[in-house]
Amino acid sequence: MFDNIGQMVLLFWRTLGALPLAWRQRQKVFEQFFEIGNASLLMVCMLSFFIGGVLSLQTGPALVERGLPSAVGGIVGLAVARELAPVMMAILIAGRIGSAMAAEIGSMRVYQEIDALRTMNINPIHYLVLPRLVAIALALPMLVVLAILIGWFGGATVAEINHHMAIPFAVFFGDLRSMVELKDVANGVFKTFCFAIIIGTVSCHQGMATIGGPRGIGRSVTKAVVNSIILIVMFDYILTRLLLH
Amino acid sequence: MNSPAQKPDGVKLEVRGLRKSFASQEVLQGLDFTVQPGEIFVIMGPSGSGKSVLLKHLIGLEAPDAGEILVNGESIMTPEIAAKYRMALVFQSGALLNSLTVGENVGLYLTEHRLKPPAEIERIVREKLADVRLSEAIHKMPGELSGGMKKRAAIARALVIEPQLILYDEPTSELDPLSSVVIGQEIWNLNQNTRVTSLVVTHDRDLAFGVADRIAVMDGGQILTIGTPEAVKAFPDARVQTFLNADFKREPRFKNI
């Protein structure tokens, strides 16, 4: 992976340079945006509900036992907004959308479609990478805002129905409101934006670098997902460290 | 046989001392040849002789280690000069974008470069598809087309840029004999109608001798001979004759497999 970091940065830099052309490519951006949303919405809803729920289940009884039932909403709210929703959704999207990007571009590379674009003086970065990167950078933060809200709802639901906690919605959300600031949600969304850039860049780069036949496409897909996840976790630490200060 | 001198609209292509190596293998070993304006020039040779690599150099997808490529006397090694000339490559596989319809594929160059309004693009797309007798496929996806239809769609896509030089990479590979004849006719008709300089890379002897003004035979990254079809047929080199005359009927051992 680290051999290719330079190439990935170069690809990102060239895509950034082509950003003024994004409006011209708006139709493709919209198609990709719709594809990402359509493919991920249900999974995001289910995953975030149960993430909030399990967090509530893991922390709630212990806090209630120690006489701190009002802390459950705050802990679940902070954990979901700052960490769990951004990271889990990014990993989900890396697997669902990053793999699809790498497979599609890799297939185009293997079957000479990218060469065909070049012979028509169509820059593959403008035509293929730019719309995907812009779409994922817009879609993922929006999905994470939704994931945060559903995660909170999942946490609150479990806190209320679990007989070890039985914390009413109003208490849960009252505590959540007192502990979670808009800044916490904004930080989570900002981290997600960075993760989206990572997923888009890594996946498009792997697709563009595909060699060989169907086996090569398979290798690119695997590398795209694995490298995205590794970089997401690494950058999660770096960004968390920076944002905490 | 058509005379290149009667077809002045295409460009003159010159390849001088072209060399290319991949790792330790020298794939192109100093190629020299000239294609006259409006000529159909066929490069033949067995698989692995360097034909497709040569095409990639001509269209700018590969850079040579040495040598140069001239169009109308100007080196096209710099993108600025290359951009002056309209060149198109018809890929072996067709290389149509699978996510677009045939019509969208054919109009892609005009759409992406915003060269014409949408209605005009549609008119041109219909016209070019009609030229290759593929009008009915305008709304189909490439996956719905036969191999021959894909290649005809790829030719239509190449024609949209009104090329001065059109390169064909194995245009009849993987096609049945009838489809091969159709593709050969398309190459011939386009050359006659548009006066485009055509360079065809193939190992299909019927196609080569059917359409070529001149033929070059390549092997091992070298050109063995260049001449009219008659001259190439009579060329007394064992490698050329082996390639031109290889035939199942003369290899009885195949009948026993």
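Visitor: How do the residues of the lining of the largest pocket divide into nonpolar, polar and charged?

Guide: They divide into eleven nonpolar, nine polar and eleven charged residues. Here Ala, Val, Leu, Ile, Met, Phe, Trp, Tyr, Cys and Pro count as nonpolar, Asp, Glu, Lys and Arg as charged, and the others, including Gly, as polar. This is a predicted model, in which local features need pLDDT of at least 70 and side-chain atom pairs count only at pLDDT 80 or more, while totals for chains, interfaces and linings use all residues. Residues are numbered from 1 along each chain as its sequence is written, chains are lettered from A and ligands numbered from 1 in the order in which they are written, and side-chain values use heavy atoms, with hydrogens and water left out.

The volume of the largest pocket is about 980 Å³. Its lining has 31 residues, and those closest to the centre are Leu100(B), Glu104(B), Leu108(B), Thr111(B) and Glu112(B). On a 1 Å grid over the protein atoms alone, a pocket is an open set of points with protein on both sides within 12 Å along at least five of seven lines, a cavity is a set where a 1.4 Å probe fits but cannot get out, and lining residues have an atom within 4 Å of a point. Points are joined across faces, edges and corners, and a volume is the space filled by probe spheres set on them.

From chain A, α2 (26-65), α3 (71-110) and α5 (124-161) each supply at least two residues, as do α3 (102-106), α4 and α5 (118-131) of chain B. α5(B) gives the most, with five residues. Helices (H or I, at least four residues) and strands (E, at least two) are DSSP runs, numbered from the N terminus.

Glu112(B), listed among the residues closest to the pocket centre, also takes part in a salt bridge with the side chain of Lys28(A), at 3.0 Å from N to O. The term covers a side-chain nitrogen of Lys or Arg within 4 Å of a carboxyl oxygen of Asp or Glu. Over all chains the count comes to 18 salt bridges. Glu112(B) sits in helix α4 of chain B and Lys28(A) in helix α2 of chain A, so this pair joins two chains. Side chains of opposite charge can pair when their charged atoms come close.

Next, the interface itself. Contact (heavy atoms within 4.5 Å) involves 18 residues from chain B and 17 residues from chain A. The two chains bury about 1600 Å² between them, of which 56% is on carbon and sulfur atoms; buried area is the accessible area (1.4 Å probe) that two parts lose on being put together, summed over both. Between chain B and chain A the count is one salt bridge. On the side of chain B that touches chain A, the elements giving two or more residues are α1 (51-59), β6 (87-90) and α4 (108-112) of chain B.

Two or more residues each come from α4 (113-119) of chain A and from α1 and α2 (79-82) of chain B, and α1(B) gives the most, with three. This lining is made up of 16 nonpolar, five polar and three charged residues.

Then the cavities. The whole structure has two of 30 Å³ or more. The largest cavity holds about 80 Å³, and its lining includes Met120(A), Leu89(B), Phe91(B) and Arg157(B). α4 of chain A, with β6 and α6 (147-160) of chain B, are the elements that give it two or more residues. By class, the lining has nine nonpolar residues, one polar and one charged.

The second largest cavity has a volume of about 30 Å³. Its lining residues are Gln112(A), Ser52(B), Leu55(B), Lys56(B), Leu89(B), Phe91(B) and Asp169(B). α1(B) supplies the largest share, three residues. Here three residues are nonpolar, two polar and two charged.

As for chain A as a whole, its secondary structure comes to eight helices and zero strands. The C-alpha trace of chain A spans about 70 × 35 × 30 Å along its principal axes.
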